[in-house]
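Reader: Could you walk me through the pockets of this one?
Author: Gladly, with the structure in view.
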Amino acid sequence: MNRICIPDYEYQERIQKAAKMLREKNLDVMLVASTESDYANARYFSGFWPLFERAGVAISANGDAALLVGPESAVFGRDISRIDKVFVLKEFRESADPSYPELKADTFRDVFQSLGVKGDHIRIGLGSYVECTLPIFEGLKDAYPAAEIVKCNDIMVSLRKIKSANELACIREGFRIIELATDEVIRCLKPGVTELQMVGVAQRVIYENGAEYEGLPMYVFSEESTRHAISRSRYREIGKNDIVQLNLSAKIDGYSPSIGLPVVMSRLEGERREIVDFCRKMHEWTEAQLRAGVMASDVAKGFLQQYKDAGYEKNYVYGPCHGTGMIEVEAPWMETDSDYMLEENMTFQVDTFISGPTFGCRWEKGVAIKQNGIESYTDYLKKGIIELGF
């Protein structure tokens with residue numbers, strides 16, 4: 001089957017790039033950990049996405065690697081992993097906290113020694129500080145009480161921020177499918193349907209057209225729920241005068257872009273139109289600032305100033321863009337304190353949100369940074385404000 005995906009050789013290239021960074025930082029080994037909801041770092045090296053349990057990848061400075069899984073994922077992990085070495089550790093168990101009294105589990109000592117990491121006084125880098133659960137951290141300390149354990153999230157940000165040609169292909173394919181789903185949801189929208197019914201329509205379309213999963217818990221919000229920066233769809237029936245916010249997404253081999261836009265069930269007038277128009281204007285303003293060599297904080301500061309100048313400072317929630325890739329929202333964010341330059345083939349969601357007293361609005365799409373601007377992955381937002389006229 002000719003499927004758009006990350007080829008096996010690219011996983012090995014990622015491991016070797018990480019090992020080089022470990023040597024530069026004088027680290028003996030790096031551990032990345034992942035959960036079912038934020039699987040990215042372990043999957044980035046192994047292709048493995050855990051279910052219920054946690055997962056991890058250990059990489060030594062000499063370039064050897066192992067996948068670490070929970071007690072119920074031994075066969076699953078070996079079937080899926082692009083890394084040959086697979087170890088089963090109790091530290092990666094599910095949240096029900098079973099004891100598995102009959103299991104003879106592997107240990108971090110077993111893992112690290114298999115990778116050629118010797119001795120007790122070693123330097124261990126945590127490449128997934130936020131995703132590292134307490135059992136995993138305590139397991140590391142118990143196995144290596146004399147080790148120095150340090151954060152090295154910057155390694156993972158550095159590795160993941162510039163996308164390869166294969167990664168970009170996965171993202172493009174995601175947007176192709178999302179456009180199909182957005183078309184179908186808009187076709188099915190009518191007064192009386194529920195938010196969750198419309199999510200179901202989107203799910204059907206993305207799976208029928210090749211997605212492996214939702215790239216995020218898909219949003220179909222209506223009226224007051226559109227004020228939520230993040231939320232979940234409900235059984236709420238959509239009314240004939242509602243503003244409906246769509247944020248639909250499709251995951252392709254782990255890559256998770258999305259498209260967000262408001263749909264108006266009737267007509268948009270007065271202050272409501274002014275707010276939605278301003279939000280769209282800021283989305284277009286942001287796009288015009290993006291190119292390689294621009295300081296990220298300059299874009300974010302200018303974005304905030306535009307809200308202030310227009311009298312919408314109280315409606316501002318967050319900055320203009322966030323990184324995107326294996327997780328729909330991933331580092332780096334673009335904020336007023338972001339001290340990095342934009343580089344070619346960094347990928348961002350231009351995510352423009354405004355929250356008002358009775359409704360909110362988001363215009364969102366994905367772009368890749370280029371030398372003289374951006375590559376936009378969808379033209380869907382050029383349709384403007386979609387008014388259904390019920």
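Reader: What classes of residue make up the lining of the largest pocket?
Author: The lining of the largest pocket has 20 nonpolar, nine polar and 13 charged residues, where Ala, Val, Leu, Ile, Met, Phe, Trp, Tyr, Cys and Pro count as nonpolar, Asp, Glu, Lys and Arg as charged, and the others, Gly among them, as polar. This is a predicted model, in which local features need pLDDT of at least 70 and side-chain atom pairs count only at pLDDT 80 or more, while totals for chains, interfaces and linings use all residues. Residues are numbered from 1 along each chain as its sequence is written, and side-chain values use heavy atoms, with hydrogens and water left out.
Reader: Which residues are the closest to the centre of the second largest pocket?
Author: Among its 17 lining residues, those closest to the centre are N41, E131, N153, R160 and A331. A pocket here is an open set of points on a 1 Å grid over the protein atoms alone, where a 1.4 Å probe fits, with protein on both sides within 12 Å along at least five of seven lines, and lining residues have an atom within 4 Å of a point.
Reader: And which helix gives the most to that lining?
Author: Helix 6 does, with four residues; helix 2 (40-46), helix 6 (153-161) and strand 11 (330-334) each supply at least two. Helices (H or I, at least four residues) and strands (E, at least two) are DSSP runs, numbered from the N terminus.
Reader: Back to the largest pocket, which helix gives the most there?
Author: For the largest pocket that is helix 8, with three residues.
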